[in-house]
Amino acid sequence: MYPLIFRPIIKEMIWGNESWEVSCRPQEMSVVENGEFAGRELADFYAENARFPLLVKIITARDALSVQVHPDDAYARAKGDRDTGKSELWYILEPPTDEHLIIGLKPGVTREILSRAYEENTVEDCLARVKVSRGDIVNIPAGLIHALTPGTVVAEIQQNSDITYRLYDFGRLGADGKPRELHVEDALNSIDYDNARGKKIEHFRTEKLEISAPISTSSNPETFAIYTCVDGGVTFEGANFAVPLDCPRSAFIPASLGEFTIRPIGETAILLKSEPT
């Protein structure tokens with residue numbers, strides 16, 4: 001085995017685009033682009049019939065995304081969804097043009113207030129805006145209302161789920177010329193009105209690694225890891241491989257890989273190491 005790099009799956013959106021870097025979903029299946037396994041699907045390297053737990057994207061927002069929220073696992077199950085709920089983490093590669101993201105609600109906003117604001121078209125008055133900078137990490141646990149704003153580029157680590165409930169979309173029209181679908185009742189049901197921005201994400205852990213010299217490490221024999229390069233570049237080196245990784249790309253480290261070295265290509269590099277919990 002060796003670190004696997006996958007062909008990006010590019011999705012063009014009305015507000016920008018997404019590059020799905022590591023995905024194990026029937027309609028969005030990552031395919032290996034490097035080495036002897038080139039052309040093989042990610043599903044070939046994961047336990048048969050087990051659900052792959054993570055999804056990694058690079059998101060470029062030319063315009064604002066909808067104001068949205070993701071449900072927790074319990075709500076997704078109650079709705080009969082085949083997906084889990086969705087918690088996610090953002091690493092800010094490029095901050096928004098006005099330096100602020102929509103994250104959470106203003107203090108004191110309750111379900112009743114937000115529901116009334118939807119009816120009165122004053123939802124934007126209820127939204128909290130948080131200043132961010134390049135290199136910041138933002139936790140978005142299930143239930144936290146959020147939206148990327150124009151100019152933002154993020155690396156997103158998330159549960160392997162595509163459930164999104166749109167509360168508000170700035171009156172925007174879709175490609176068909178009609179207003180995009182909203183999911184107001186599900187959104188109102190899913191929002192954490194306590195606004196727990198610091199709430200721990202329990203479904204995966206992500207560690208930020210700043211590398212200025214080669215480091216020796218080894219794979220976790222219990223699970224895979226995904227390394228996402230968010231600054232600079234590195235080479236993964238082992239007895240039989242040397243796999244370069246630049247920014248903003250991701251590498252899949254199989255549990256069976258064993259010992260390897262991570263060597264920065266320049267003076268420094270920054271990686272996000274993500275594992276399921």
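**Salt bridges, cores and sheet pairing in the predicted model**

The side chains of E94 and R134 meet in a salt bridge, with N and O 2.5 Å apart. A salt bridge here is a side-chain nitrogen of Lys or Arg within 4 Å of a carboxyl oxygen of Asp or Glu. The pair links distant parts of the chain, 40 residues apart: E94 lies in strand 8, and R134 lies in the loop between strand 10 (127-131) and strand 11 (137-140). Strands (E, at least two residues) and helices (H or I, at least four) are DSSP runs, numbered from the N terminus. E94 is partly exposed, at 35% relative accessible area. R134 is exposed, at 55%. Buried means under 20% relative accessible area, exposed means over 50%, and partly exposed lies in between (1.4 Å probe, protein chains only).

The structure is a predicted model, in which local features need pLDDT of at least 70 and side-chain atom pairs count only at pLDDT 80 or more, while totals for chains, interfaces and linings use all residues. Residues are numbered from 1 along each chain as its sequence is written, and side-chain values use heavy atoms, with hydrogens and water left out.

The structure holds 19 salt bridges. One of them joins R51 to D83, with the closest N and O atoms 3.0 Å apart. R51 sits in the loop between strand 5 (28-29) and strand 6 (54-61), and D83 in the loop between helix 1 (73-78) and strand 8 (88-94), so the pair ties together parts that are 32 residues apart in sequence. R51 is partly exposed, with a relative accessible area of 39%. D83 is buried, at 15%. Both residues belong to a network of salt bridges that links K11, R25, E28, R51 and D83. A further salt bridge forms between E210 and K208, whose closest N and O atoms are 3.8 Å apart. E210 is exposed, at 62%. K208 is partly exposed, at 33%.

K57 lies in strand 6. K57 is buried, at 2% relative accessibility. Its side chain makes a polar contact with the side chain of Q158, at 3.3 Å. A polar contact is a pair of N or O atoms within 3.5 Å; within protein, one must be able to donate a hydrogen and the other to accept it, and residues adjacent in sequence count only if both atoms are side-chain atoms. Leaving aside residues up to four places away in sequence, K57 touches E18, S19, W20, E21, K86, V154, A155, E156, Q158 and D162. Contact means heavy atoms within 4.5 Å.

The largest nonpolar core has 38 residues, and those with the most contacts inside it are Y227, F236, F252 and L271. The largest share of this core, four residues, comes from strand 17 (residues 225-231). A second, separate core of 22 residues includes V67, L114, A147 and Y165. A nonpolar core is a set of buried Ala, Val, Leu, Ile, Met, Phe, Trp, Tyr and Cys residues joined through side-chain atoms within 4.5 Å.

Five strands form an open sheet in the order 1-20-17-22-15, with antiparallel pairing. Strand 1 (4-5) and strand 15 (204-211) are the edge strands, each pairing on one side only. Two strands pair if DSSP finds at least two bridges between them. Strand 1 and strand 20 (residues 250-253) run antiparallel and are joined by two bridges. The bridge partner of L4 in strand 20 is F252.
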